[in-house]
Amino acid sequence: MDNRFATAFVIACVLSLISTIYMAASIGTDFWYEYRSPVQENSSDLNKSVWDEFASDEADEKTYNDALFRYNGTVGLWRRCITIPQNIYWNSQLEKTESFDVVTRCMGFTLNEQFMEKFVDPGNHNSGIDLLRTYLWRCQFLLPFVSLGLMCFGALIGLCACICRSLYPTIATGILHLLAGLCTLGSVSCYVAGIELLHQKLELPENVYGEFGWSFCLACVSAPLQFMASALFIWAAHTNRKEYTLMKAYRVA
């Protein structure tokens, strides 16, 4: 194996590893989108009521988004969190934030909620199903896992290529990384579109603003890394195979 191809293969493996770590961290954290709102009234009854509504199994899209808007909420692919004053007593364990006066409370999305239909008017079940937002939400949830699975499968093929001491099988690894990058890019695009459509339906209250968090940024960075790894894998395998064919033809001649 030529040193050029070996170097390209190693660099591609490093890029693939970094993108896998970034993608896994992005999927597992709750900071895809963050809301910033003024400090709310420090009332135990009010906070208890907000948490009960936020954590209820019957909480609809409007109910938990209203709480996210008002209480510095963060949203991930699996969980939604709000930050509220601490002077309330729950029996469950509290997750402390940097401030000693507030606690962060999180509630996970169930699989049923992940695949639940979104309505034209959030919270109004009689307003009809919003198919665009429904499928955007499902894609933003499923595509990151597809991307991660493709990269892991590509890594197995790359390992087999190393064992066989041949770069040719890494063409499949490159194609899988290309597909993974497209899935990651699709997930990011679906998430951005879904957030924009949601804010058109539910306008942010006064003095409240939202921004994409670092979990979202990790997914954004992961996509180009996957594309670069894909390009290096395919280039190394194809060019090495081409030179090997030419060398074999020269020897025969």
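This briefing looks at the salt bridges in the structure above. The model is predicted, so local features need pLDDT of at least 70 and side-chain atom pairs count only at pLDDT 80 or more, while totals for chains, interfaces and linings use all residues. Residues are numbered from 1 along each chain as its sequence is written, and side-chain values use heavy atoms, with hydrogens and water left out. A search of the whole structure turns up 7 salt bridges (a side-chain nitrogen of Lys or Arg within 4 Å of a carboxyl oxygen of Asp or Glu).

**The Arg133 and Glu61 pair**
- Arg133 and Glu61 join in a salt bridge, at 2.8 Å from N to O.
- Arg133 sits in helix H5 (residues 131–164) and Glu61 in helix H3 (residues 61–70), so the pair ties together parts 72 residues apart in sequence; helices are DSSP runs of H or I, at least four residues, numbered from the N terminus.
- Arg133 is buried at 5% relative accessible area, and Glu61 is buried at 11% (buried means under 20%, exposed over 50%, partly exposed in between, with a 1.4 Å probe and protein chains only).

**The Lys201 and Asp130 pair**
- Lys201 meets Asp130 in a salt bridge, at 3.8 Å from N to O.
- This pair links distant parts of the chain, 71 residues apart: Lys201 is in helix H6 (residues 170–201) and Asp130 in the loop between helix H4 (111–114) and H5.
- Lys201 is partly exposed at 34%, whereas Asp130 is buried at 13%.
- Glu61, Asp130, Arg133 and Lys201 are linked in a network of salt bridges.

**Within helix H3**
- Lys62 and Asp66 form a salt bridge, with their closest N and O atoms 2.9 Å apart.
- Both lie in helix H3, 4 residues apart, about one turn of the helix.
- Lys62 is partly exposed at 35%, and Asp66 is partly exposed at 29%.

Technical notes: Helices (H or I, at least four residues) and strands (E, at least two) are DSSP runs, numbered from the N terminus.
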